[in-house]
Amino acid sequence: MWASLQGEQWDKALDRLAEYDYTVIDDFFPQSVLDSVEAEFERVEQAGALKAAKIGESSEERRIAEIRSDYIHWLDRASQTTLEPFFSGVDQLREELARAMYVSLLGYEFHLAKYPVGAFYKAHLDQFDRRDNRQLSLVIYLNQGWEPGDGGELKIHCENPEVIAPLYNRAVLFRSATVLHEVLPALKPRRSLTGWLLKRPSGVGALGL
Ligand code: OGA
Ligand code: MN
């Protein structure tokens, strides 16, 4: 079990998630997981496998550069075997959260994301109109040396809007259906590992997603 998923810090994170629908957890991954994720990011980027992100359900995906301008690569547990320590951590995370929040979290989907300089993602919810499978969104930032003024903050739109810097090994966890959020323009290339914990296993469901 990762150190970040136990003890007082984790209990407080769960309390904030219950109260505000989102929570920020610093020092999220163990170093070995960070290393493997960063190595895979490097490999994917070198291979030209980061693709312009789309909006909406897969049946009607379109690219709308006015809404989002990041580049992504969907992860595949079966073939990206160096990421197994990450995925087995996600299994534990799902169990912990399902128990704490009395929800079922039987699936997941994750992608790597790169925001080039100037890229952004306008305010949105992560749950699509006709697909309610996404329960919780999880973003982990991979930006060493991110400074105030580098932009790229995650803005949470709520009664007291909060702006969260994409600091190295910081995780943000939030309810996909209710938390309106936005990525402010990045002034330096910005990297993250972003994903969703799903009610039903990925690949099952009305839309085949
Ligand atoms: C997303 C998203 C937030 C972030 O990919 O849907 O909102 O901080 N990402 O990268
Ligand atoms: Mn989002």
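**Reading the core and its surroundings**

Author: Phe28, Phe29, Val37, Phe86, Leu97 and Phe110 touch the most other members of the largest nonpolar core, which has 35 residues. A nonpolar core is a set of buried Ala, Val, Leu, Ile, Met, Phe, Trp, Tyr and Cys residues joined through side-chain atoms within 4.5 Å. Buried means under 20% relative accessible area, exposed over 50%, and partly exposed in between, with a 1.4 Å probe and protein chains only. This is a predicted model: local features need pLDDT of at least 70, side-chain atom pairs count only at pLDDT 80 or more, and totals for chains, interfaces and linings use all residues. Residues are numbered from 1 along each chain as its sequence is written, chains are lettered from A and ligands numbered from 1 in the order in which they are written, and side-chain values use heavy atoms, with hydrogens and water left out.

Reader: Which elements give two or more residues to this core?

Author: Helices (H or I, at least four residues) and strands (E, at least two) are DSSP runs, numbered from the N terminus. Two or more core residues come from each of α1, α2 (31–46), α3, β4 (107–115), β6 (134–141), β9 (171–175) and β11 (190–198). The largest share, seven residues, is that of α3. Another core, of 18 residues, lies apart from this one, with Val24, Ala53, Ala113 and Val179 among them.

Reader: What does Val37 touch?

Author: Contact means heavy atoms within 4.5 Å. Not counting residues up to four places away in sequence, Val37 touches Phe29, Leu83, Phe86, Leu112, Leu142 and Leu193.

Reader: How do the axes of α1 and α3 cross?

Author: Axes are lines fitted to C-alpha atoms, for helices over the stretch in contact, and angles run from 0 to 180 degrees between N-to-C directions. Angles under 35 degrees count as roughly parallel, over 145 as roughly antiparallel, 65 to 115 as roughly perpendicular and the rest as oblique. The axes of α1 (residues 7–20) and α3 (residues 84–101) come within 11 Å and cross at roughly 55 degrees, so the two helices are oblique to each other. Trp10, Leu14 and Leu17 of α1 meet Leu93, Glu96, Leu97, Ala100 and Met101 of α3.

Reader: Is Val44 buried or exposed?

Author: Val44, in helix α2, has 1% relative accessibility and therefore counts as buried. Leaving out residues up to four places away in sequence, Val44 touches Ala49, Leu50, His73, Gln80 and Leu112.

Reader: Where is Leu106, and is that residue buried or exposed?

Author: Leu106 is in the loop between α3 and β4. Its relative accessible area is 53%, so Leu106 is exposed. Leu106 and Lys199 are 93 residues apart in sequence and 5.5 Å apart in space, C-alpha to C-alpha. Besides Lys199, the contacts of Leu106 beyond four places in sequence include Arg94, Leu198, Arg200 and Pro201.
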